[in-house]
Amino acid sequence: EAGEVLCWGANSDGQVGVPGRVTHASPVTVFGGDMTALAVHNSTSCAVSDTALHCWGLGASGALGAGEEMTSAAAPVRSAELETAADLVLAGGRGCLRFADGSVRCFGNSEFGELPGFHRVLWVPTPVAALADSEALVLGSEHGCVTRADTVYCFGGARFGQLGDGLSAADETRAVAPVSGDPLIGVVAGS
């Protein structure tokens with residue numbers, strides 16, 4: 001069925017999306033339909049319907065976007081009411097939603113500036129102005145990147161040179177910094 005979400009595998013943190021902390025060797029239905037986006041990272045999963053964000057699994061430091069500290073959720077938690085997102089990405093204990101109007105809302109851990117403009121946990125999807133008007137959005141374990149008009153702009157942790165700006169420093173984060181490419185065919189962010 002269109003928009004259906006099926007999960008299987010280890011369920012120690014509820015990441016399969018059904019109660020009971022047992023491994024599921026066969027797919028189980030988490031949502032019967034109506035989901036428009038899905039993202040999974042490590043033990044956290046989120047899906048978007050036409051009206052809300054739903055997350056389950058490991059939830060430390062706001063990773064479920066539920067508005068409160070939850071160590072984990074074995075079944076989907078309706079995290080926030082919102083319009084349909086064009087993209088949903090998860091990594092490093094945080095997530096971001098990019099909308100058709102170019103706006104971006106993020107949630108989760110940004111205590112070390114992994115999201116530009118924030119040095120705290122974002123408990124619910126919160127507008128991140130520095131990422132607005134992006135055409136694509138990716139997250140890595142301590143950083144992320146957006147694209148705008150054939151330019152990649154990266155942000156967050158820089159200790160391993162992940163921002164592509166020629167600099168690296170331990171315990172340093174930077175706001176959005178441009179990296180040019182012509183023509184740009186895509187962008188990904190590793191760990």
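Tutor: Two strands count as paired if DSSP finds at least two bridges between them. Keep in mind that this model is predicted.

Student: Which residue in β8 is the bridge partner of valine 89?

Tutor: Start with the strands. β7 and β8 pair in the antiparallel sense, over six bridges. In β8, valine 89 has as its bridge partner cysteine 96.

Student: Which strands stand at the edges of that open sheet, and why is one side of each left without a neighbour?

Tutor: The sheet has four strands in the order β7-β8-β9-β10, with antiparallel pairing. Neighbouring strands are turned by 15° against each other on average, direction ignored. An edge strand has a single partner, so one of its sides has no neighbour in the sheet; that holds for β7 and β10.

Student: Is serine 79 buried or exposed?

Tutor: Serine 79 sits in strand β6. It touches Leu53, His54, Cys55, Leu64, Gly65 and Ala66, leaving aside residues up to four places away in sequence. Buried means under 20% relative accessible area. Serine 79 has 9%, so it is buried.

Student: Which backbone oxygen does the side chain of serine 79 reach?

Tutor: Leu64 is among the residues that serine 79 touches. The side chain comes to 2.7 Å from the backbone oxygen of leucine 64.

Student: How many residues are in the largest nonpolar core?

Tutor: Cys46, Leu53 and Phe107 are among those with the most contacts inside it. Strands β3, β4, β5, β6, β7 and β8 each supply at least two of its residues. A second, separate core includes Val104 and Phe118. The count for the largest core is 17.

Conventions. Residues numbered from 1 in each chain as written. Predicted model: local features only at pLDDT ≥ 70, side-chain atom pairs only at ≥ 80, totals over all residues. Heavy atoms only, no water. Core = buried A, V, L, I, M, F, W, Y, C linked by side-chain atoms within 4.5 Å. Buried < 20%, exposed > 50% of the residue type's maximum accessible area, 1.4 Å probe, protein only. Polar contact = N/O pair within 3.5 Å; in protein donor to acceptor, adjacent residues only side chain to side chain. Contact = heavy atoms within 4.5 Å. Axes fitted to C-alpha atoms, helices over the stretch in contact; angles between N-to-C directions.
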